[in-house]
Amino acid sequence: MPAPKAETIQTEVCIVGAGPAGSAASLTLSKKGIPHLVVDAEVFPRNKPCGDILTTGVLRALNQIDPEILTEMKQKGLLNPIWHTLTYPPNGKPINIDFLPFDGKKGEPGCFSVSRREMDMLLVNKLLASGFADFRQGFRVTSLKKTDPGFELCSDSGEVIQTKLLIIATGSGNSLLKQLGLEIPKSESAIGIRGHFEGLDWNLQETGLFLHPDIMPGGLYVTPLPDGTCNVNLVMSLNKVSDAGISLRERFDSVVKSIDVLNRKFTNAKRIGNFEGSMLFLGTRRRIVAGDSYLVAGDSAGLIEFFSGNGIPQAITSGRIAGETAISAIENQNFSAGFLSDYEYKLYQKIKLNYAGGRIVLPLLHKPYYSKLVLKFLNFLSGRPQTNAMLRDLLYEKNPGKILRKPGFYYKLLFKREPVG
Ligand SMILES: Cc1cc2nc3c(=O)[nH]c(=O)nc-3n(C[C@H](O)[C@H](O)[C@H](O)COP(=O)(O)OP(=O)(O)OC[C@H]3O[C@@H](n4cnc5c(N)ncnc54)[C@H](O)[C@@H]3O)c2cc1C
């Protein structure tokens, strides 16, 4: 018997990847009542290695798409409020930063932790409920070919998609990017592993970042989750890991042992399940994210903040802007590179500050001399009571350059020894 002929699906817009970026693009199209196709290689709920932190930027980005999303997450008990973040330099004395309430509303947390498995499932359910998304799970796109108009995509099981506009939101996989000549190089990537632990001695309202010379440039992050377990993830520069042949699994254990304060917290900790790993494409420079009949959103566009490892806010924002650009391309029936370049411009306006930090600081942190200097400086800051309020102001300032250009900032930070603000 001849093999059944594989299906050919035709659509105006196809979104590949249903993480936060792909879901945000889909929900934006659905708000305008535009039918579209979304495919994902995995079957949801799926695991996604992440630090599971939702910063104020995520809360704002979600509210811009649909305030119901946050309300539903709260009602379902998916969110754990986070009020402080502690950075531990090698001397083990934490630098604390207290978070401000969301939009100045007393008692309303501006930061949460969440299980990505649950959050991404909720977003997928939302896009399914919209009635405008044709969602195919377990559908891995393996190749793409430029056609006129649009793209022809093939899946690993032989299905074909013909689309006028392609939105790539495949996270930290390089395979489709490579076919478009947009591969993100190792030097601009990090790699992380994440494990879940029970019995870790940890305050449920705070996250921690542990810095140590053996993991620079990088860090070990601890996030308490709503179910009382902790997410512990180690992220390091990919170049460093591959050049030095580092096993992240072994480095995780050795670093936990060599940081006294962390080792004590791990005394009764037991890992649940396996470690899982993923790459992080860092926001170190402006990239090509739009071209003839395609847009690139989320991690695929290389948008992760190099210091915090945060990428969910940028994923949702870029997905929304990609969705809005798709709407106007469909209305104008114009999918040309020139028309779609509006996306690149708008995204750059939103994200450019991240690029500046990554471009300047990251190469320095690869040099042992500077990375030691940074750790020494953080050791020094950890003893100073003014850091909490001063660093918090810096964190919340839309244009941190405004603060960093003032000599008074350095005077207060370096020479005063009293709380400010
Ligand atoms: C260790 C670690 C810690 C992190 N911690 C944080 C944090 O605390 N806070 C934060 O904001 N960010 C964090 N990030 C970054 C954050 O996880 C990402 O920025 C975010 O998941 C990006 O969303 P996305 O939609 O672009 O990609 P993803 O969430 O990765 O979704 C991509 C989707 O595409 C699908 N896909 C991939 N290839 C194909 C294909 N060929 N065909 C079909 N489907 C495909 C995948 O199955 C997946 O579902 C962390 C990342 C790592 C690795």
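User: The expected span of a helix is 1.5 Å times one less than its number of residues. In this predicted model, how far does α1 reach from its first C-alpha to its last?
Analyst: The helix α1 covers residues 20-31 and has twelve residues. At 1.5 Å a residue, the expected value is 16 Å. The reach of α1 from first to last C-alpha is close to that expectation, at 16 Å.

User: How many of the twelve residues of α1 are buried?
Analyst: A residue counts as buried if 20 or more other C-beta atoms lie within 10 Å of its own. In α1 this holds for residues including Pro 20, Ala 24, Leu 27 and Leu 29. The helix is largely enclosed by the rest of the structure, because the number of its residues that are buried is eleven.

User: Which residue just after α1 takes a positive phi?
Analyst: The position follows the end of α1, and its phi is about 75°. The residue is Gly 33.

User: Which element supplies the largest share of the shell around the ligand?
Analyst: The residues around the ligand number 38, and among the nearest are Gly 19 and Gly 311. Elements that each supply at least two residues of the shell include β12 (189-198), β15 (230-237), β16 (270-281) and α9 (312-332). The largest share is three residues, and its source is α1.

User: How many residues of the shell around the ligand are charged?
Analyst: Domain 1 and domain 2 each contribute at least three residues to this shell. By class, 17 of the shell residues are nonpolar and 14 are polar. The charged residues number seven.

User: How many bridges join β12 to β16?
Analyst: Eight of the ten residues of β12 are buried, so this strand is largely enclosed by the rest of the structure. On one pairing β12 meets β15 in the antiparallel sense over eight bridges, with Gly 192 partnered by Val 235 of β15. The pairing with β16 is also antiparallel, and there Arg 194 stands opposite Glu 276. The number of bridges joining β12 to β16 is nine.

User: Which strands stand at the edges of the open sheet, each with a single partner strand?
Analyst: The sheet has three strands in the order β3-β7-β4, with antiparallel pairing. Between β4 and β7 there are two bridges, and Pro 81 has Phe 112 of β7 as its bridge partner. One side of each edge strand is left without a neighbour in the sheet, because each has a single partner; the edge strands are β3 (53-54) and β4 (80-81).

User: Is Ala 290 buried or exposed?
Analyst: Ala 290 is part of strand β17 (residues 290-291). Apart from residues up to four places away in sequence, Ala 290 touches Leu 295, Ala 337, Leu 340, Ser 341, Tyr 343 and Glu 344. There are 22 C-beta neighbours inside 10 Å of Ala 290, so the residue counts as buried.

User: What class are the residues of the side of domain 2 that touches domain 3?
Analyst: The C-alpha centres of domain 2 and domain 3 lie 24 Å apart. Four residues of domain 2 are in contact with four residues of domain 3. On the domain 2 side none is polar and none is charged; the four residues are nonpolar.

User: What is omega for the cis peptide bond that joins Met 216 and Pro 217?
Analyst: Most peptide bonds are trans. The bond from Phe 44 to Pro 45 is cis, with omega near 0°, and Pro 45 is in the loop between β2 (36-39) and β3. Pro 217 is in the loop between β13 (206-210) and β14 (218-224). For the cis bond from Met 216 to Pro 217, omega is about -10°.

User: What is the positive phi of Gln 333?
Analyst: Most residues other than glycine have a negative phi. Gln 333 lies in the loop between α9 and α10 (337-365). With 10 C-beta neighbours inside 10 Å, Gln 333 counts as exposed. Gln 333 is not a glycine, and its positive phi is about 45°.

Notes:
Residues are numbered from 1 along each chain as its sequence is written. This is a predicted model: local features need pLDDT of at least 70, side-chain atom pairs count only at pLDDT 80 or more; totals for chains, interfaces and linings use all residues. A residue is near a molecule or strand if its C-beta atom, placed from the backbone, lies within 6 Å of it. Helices (H or I, at least four residues) and strands (E, at least two) are DSSP runs, numbered from the N terminus. Ala, Val, Leu, Ile, Met, Phe, Trp, Tyr, Cys and Pro count as nonpolar, Asp, Glu, Lys and Arg as charged, and the others, Gly among them, as polar. Domain bounds come from an automatic or database domain assignment. Two strands pair if DSSP finds at least two bridges between them. Two residues are in contact if their C-beta atoms, placed from the backbone, lie within 7 Å.
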